[in-house]
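Dear colleague,

Please find the structure below.

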Amino acid sequence: MQLIYETLRSLGLTSKYQGYQQLAEATKIVLENDNLMLNVTKNIYPEVAFRMKVTPQSVERNIRTAIEVCWRQSGPEGFSKIAGCNITRIPTNAEFIDMFAFYIKTHS
């Protein structure tokens, strides 16, 4: 989990955002079972919500906000580093979680 937090901070996301912990938890869930990426809305958001005692809708919204903060702070350069290729637009929640989990998996 330490690499997840360090990488999120390197993208400009701090723990003051609710999505920080939720995005870290979503990444952890994907690392435990990458098949859950097949349907983020039905698999990952409800599981994060259950673990953190919030609603799946708030998880989706908070993760989207967290990704937007990272985009504003680190821009395409930070995202391209994580993705390993040139990123020119802000990724969707599912795209980012998938890309981020792969990055964590290959760098741990």
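In these notes, buried means under 20% relative accessible area, exposed means over 50%, and partly exposed lies in between (1.4 Å probe, protein chains only). This is a predicted model, in which local features need pLDDT of at least 70 and side-chain atom pairs count only at pLDDT 80 or more, while totals for chains, interfaces and linings use all residues. Residues are numbered from 1 along each chain as its sequence is written, and side-chain values use heavy atoms, leaving out hydrogens and water.

**Salt bridges**

A salt bridge is a side-chain nitrogen of Lys or Arg within 4 Å of a carboxyl oxygen of Asp or Glu. By this rule there are 5 salt bridges. One of them joins R89 and E95 at 2.9 Å, N to O; R89 is partly exposed at 47% relative accessibility, and E95 is partly exposed at 35%.

R51 pairs with E25, with the closest N and O atoms 2.7 Å apart. This pair links distant parts of the chain, as R51 lies in helix α3 and E25 in helix α2, 26 residues apart. Helices are DSSP runs (H or I, at least four residues), numbered from the N terminus. E25 is buried, at 10% relative accessible area, whereas R51 is partly exposed at 34%. R51 also forms a salt bridge with E47, at 2.9 Å between the closest N and O atoms. E25, E32, E47 and R51 are linked in a network of salt bridges.

**After helix α4**

Just after α4, G84 takes a positive phi of about 80°.

With kind regards

Conventions: Helices (H or I, at least four residues) and strands (E, at least two) are DSSP runs, numbered from the N terminus.
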